[in-house]
Amino acid sequence: LDIPLLLEGRKAGRGSGAALPFDEVVVVYADEKTQVERIMVRDGLSNDDARARVRAQMPIDEKRAMADVAIDNSGAWEETEREVRELYARWTRQR
């Protein structure tokens, strides 16, 4: 499932984050600089507006601490894909 506010819900104790049990929670993250750059391109926002949007969210370090698995999406697509494939391989071996 892709639940953007899952961890915020867990922290607040309400919503699907608090109610639904999961075997593992995966956070795919990027550093703030990369997040801001991507938001600016995707949404056409100024640097200040994009930065404000990022800072209005739960800090990524807090999300990473709450996750079972954290995948770094700050760099090259190939590195992110490698991490995802390794996770998928681990999950399919466990079955």
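Which side chains meet in a salt bridge at 3.1 Å, N to O? E81 and R85 do.

## Ground rules

This is a predicted model, where local features need pLDDT of at least 70 and side-chain atom pairs count only at pLDDT 80 or more, while totals for chains, interfaces and linings use all residues. Residues are numbered from 1 along each chain as its sequence is written, and side-chain values use heavy atoms, with hydrogens and water left out.

## Salt bridges within helices

Back to that opening pair. E81 and R85 sit 4 residues apart in helix α6, so about one helical turn separates them. (Helices are DSSP runs of H or I with at least four residues, strands are E runs of at least two, and both are numbered from the N terminus.) A salt bridge here is a side-chain nitrogen of Lys or Arg within 4 Å of a carboxyl oxygen of Asp or Glu. E81 is partly exposed at 29% relative accessibility, whereas R85 counts as exposed at 56%. The cut-offs are under 20% relative accessible area for buried, over 50% for exposed and partly exposed in between, using a 1.4 Å probe and protein chains only.

Helix α5 (residues 60–66) has a pair of its own: D61 and R64, 3 residues apart, or about one turn. Their side chains form a salt bridge at 3.8 Å, N to O. D61 is exposed at 54%, and R64 is partly exposed at 35%. R64 also lies over the face of Y29, 4.3 Å from the ring centre; for that label, NZ of Lys or CZ of Arg must be within 6 Å of the ring centre and within 35 degrees of the ring normal.

Searching the whole structure turns up 12 salt bridges. One of them joins E24 and R90, with the closest N and O atoms 3.1 Å apart. E24 is in the loop between α2 (16–19) and β1 while R90 is in helix α6 (residues 77–94), so this pair ties together parts 66 residues apart in sequence. Both ends are partly exposed: E24 at 26% relative accessibility and R90 at 27%. There's also a salt-bridge network linking E32, R51 and R55.

## The nonpolar core

The largest nonpolar core has 7 residues: L6, L7, V25, V27, Y29, M58 and A67. To qualify, buried Ala, Val, Leu, Ile, Met, Phe, Trp, Tyr and Cys residues must be joined through side-chain atoms within 4.5 Å. Helix α1 (6–12) and strand β1 (26–29) each give two or more residues to this core.

V27 is worth a click. Ignoring neighbours within four places in sequence, V27 is in contact (heavy atoms within 4.5 Å) with L7, I60, K63, A67, V69, A70 and I71.
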